[in-house]
Each structure stands twice: as structure tokens, then as C-alpha cells.
Amino acid sequence: FSHYNHLSAQLPIDPATGKILAGCIKEQTAQCLSNIKAIVESIGHVMDDIVKVNIQLGNIADLDAVNTIYTKFFPGYLPARTVIGVSELPAGALVQIDAVMSNAESTPPQA
């Protein structure tokens, strides 16, 4: 059987400043996905190992803009996805993204 790792929710935090990126929805989406990509690659995986993505949007009307950026981060296929509109996100962020990744080796993740 296969095991999955849940990557914690990522806000559009700029790692250089530790603060929410003060940008538009496209810039914040790119920052969230860049943060996820950095985590995925730091444990020896690639974005195509992600099997499920959850996106929370402060304004559901931003979905088209999010999709423009989202598709650029998945070179092989687009993973299953849930998108919901929420009334508010932490620290005034416009978007929050979390992901579920297959470990792809059918072995338990190492602590």
C-alpha cells in the first residue's frame, strides 16, 4: 500500500522577510506554491508527487487568476483539487494552499 504526507497549509509568506507577501492574488499564489515546492524538493520529491491540493480563497472570484499560476507549477499533470471561498484568511492573506503528497516508494515516511 501507499503512504501519503500532508504538507501543512502554506500562506504566501516571503521566506526572506517572514511576512505575508504584499502582492496581488497571482503573486501570493506563486509564493504559496513556491513555498510548497521548496518543501517537496527538500525531501527529495517533485511537484508531480502531489496528489491532492486544497486552496482557500478570500475571494472566490480570484479563481481564474489562481489557475493561471497554479498550472505553471505542475509540469506533468494537475492533482485533484478542492477550492473553497472563505470569509477571512490569517494575516490578511488572499490565498492559503495545502497539499497531500504521495511518498511514491510505498514505504512509511522517515521521522
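Cys24 has a relative accessibility of 39% and therefore counts as partly exposed, a class lying between buried (under 20% relative accessible area) and exposed (over 50%), with a 1.4 Å probe and protein chains only. Cys32, at 0% relative accessibility, counts as buried. The model is predicted, so that local features need pLDDT of at least 70 and side-chain atom pairs count only at pLDDT 80 or more, while totals for chains, interfaces and linings use all residues. Residues are numbered from 1 along each chain as its sequence is written, and side-chain values use heavy atoms, with hydrogens and water left out.

A search of the whole structure gives 0 disulfides, a disulfide being a pair of cysteine sulfur atoms within 2.5 Å. The closest cysteine sulfur to that of Cys24 belongs to Cys32 and is 12 Å away, too far for a bond. Cys32 is likewise in no disulfide.

Helices H1 (residues 25–42) and H2 (residues 63–70) have axes that come within 9 Å and cross at roughly 45°. H1 is therefore oblique to H2, since angles under 35 degrees count as roughly parallel, over 145 as roughly antiparallel, 65 to 115 as roughly perpendicular and the rest as oblique. Helices are DSSP runs (H or I) of at least four residues, numbered from the N terminus; axes are lines fitted to C-alpha atoms over the stretch in contact, and angles run from 0 to 180 degrees between N-to-C directions. The crossing of H1 and H2 is right-handed, the near helix being turned clockwise from the far one by less than a right angle.

In the contact (heavy atoms within 4.5 Å), H1 contributes Ile25, Lys26, Thr29, Ala30 and Leu33, and H2 contributes Ala65, Val66, Thr68, Ile69 and Tyr70. These residues comprise 7 nonpolar, 2 polar and 1 charged.

Note on methods: Helix = DSSP H or I, 4+ residues; strand = E, 2+ residues; numbered from the N terminus. Nonpolar A, V, L, I, M, F, W, Y, C, P; charged D, E, K, R; others polar.
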